[in-house]
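Here are some friendly notes to read alongside the model. Take the points in order and keep the 3D view open as you go.

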Amino acid sequence: MLAGRIERGTLHTGDTLELVGHGQTRRGQCVQLRAFECVVDELAAGESAGCQLTGVPPWDVTPGMVLASPDALATHRRFVARLSLPPRLSARPRSSWRGPTAIASGYRPHLYVRTADISCTITLPDAPRAEPGERVTAEIVLDVPTVLAGAPGFILRDAHSTVATGEIVELLD
């Protein structure tokens with residue numbers, strides 16, 4: 001049973017769907033829909049859903065994959081983003097915590113978009129480095145292709161700290 005939220009459109013029992021992301025696309029048919037532990041025939045945008053899909057083994061499902069109408073979505077590896085680095089706070093001594101750090105081209109944090117956790121590489125075309133508190137434009141290359149269209153935004157993290165938040169400006173491939 002796949003679980004998530006319907007972002008747009010309507011989902012019906014019997015619909016043919018594609019599971020897209022992480023470099024693979026699997027096609028199956030929705031045989032059962034659930035909403036709050038009740039079996040239903042139809043769900044609309046904004047509702048939480050559980051969908052039982054035939055033709056897709058559970059071991060092929062990875063967090064971050066998106067369920068969509070056939071040929072409606074594509075995966076991407078490269079995109080341009082606007083990043084906002086959190087400001088440096090001086091209230092705590094540097095030795096007791098790991099605060100915001102500067103980033104440079106070649107930096108490899110983890111990108112979190114929807115439920116996906118993907119390693120990526122950042123390239124800063126306009127400056128050699130970005131300091132905490134700055135907003136910069138960056139090209140990001142993901143290690144694994146994923147669905148980025150319609151994503152509300154993303155977070156870049158390294159270890160246990162947030163490096164930057166971002167929004168997608170342009171999809172490159």
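1. How many bridges join strand 11 to strand 12? There are four, and the two strands run antiparallel. Please keep in mind that this is a predicted model. Leucine 111 stands opposite isoleucine 118 in strand 12. Strand 11 and strand 12 form a hairpin with two residues between them, and arginine 114, in the turn, has a positive phi of about 55 degrees.

2. Now follow strand 12 to its other partner. Strand 12 is joined to strand 14 by four bridges, again in an antiparallel arrangement. Here threonine 123 stands opposite glutamate 139 in strand 14. Strand 14 is also joined to strand 9, by nine bridges, and these two run antiparallel. In that pairing, threonine 75 stands opposite valine 147 in strand 14.

3. Six strands close into a barrel in the order 9-14-12-11-15-16, with antiparallel pairing. From one strand to the next, the twist averages 45 degrees.

4. Which residues of strand 12 are on its covered face? They are Ala116, Ile118, Cys120 and Ile122, while Asp117, Ser119, Thr121 and Thr123 make up the uncovered face.

5. Then look at the nonpolar packing. The largest nonpolar core has 24 residues, and Leu83, Ile103, Leu111, Ile122, Ile140, Phe154 and Leu156 have the most contacts inside it. Strands 9, 11, 12, 14, 15 and 16 each give two or more residues to this core. Apart from this core lies another one, of 14 residues, among them Leu19, Leu33, Leu43 and Leu53.

6. Finally, turn to the aromatic rings. The count comes to one aromatic pair. Phenylalanine 79 counts as buried because its relative accessibility is 0%. Phenylalanine 154 is buried too, with a relative accessible area of 4%.

Key. Residues are numbered from 1 along each chain as its sequence is written. This is a predicted model: local features need pLDDT of at least 70, side-chain atom pairs count only at pLDDT 80 or more; totals for chains, interfaces and linings use all residues. Side-chain values use heavy atoms; hydrogens and water are left out. Rings of Phe, Tyr and Trp (its six-membered ring) pair if their centres lie within 6.5 Å; planes under 30 degrees apart count as stacked, over 60 as edge-to-face and the rest as tilted. Buried means under 20% relative accessible area, exposed over 50%, partly exposed in between (1.4 Å probe, protein chains only). A nonpolar core is a set of buried Ala, Val, Leu, Ile, Met, Phe, Trp, Tyr and Cys residues joined through side-chain atoms within 4.5 Å. Two strands pair if DSSP finds at least two bridges between them. Axes are lines fitted to C-alpha atoms, for helices over the stretch in contact, and angles run from 0 to 180 degrees between N-to-C directions.
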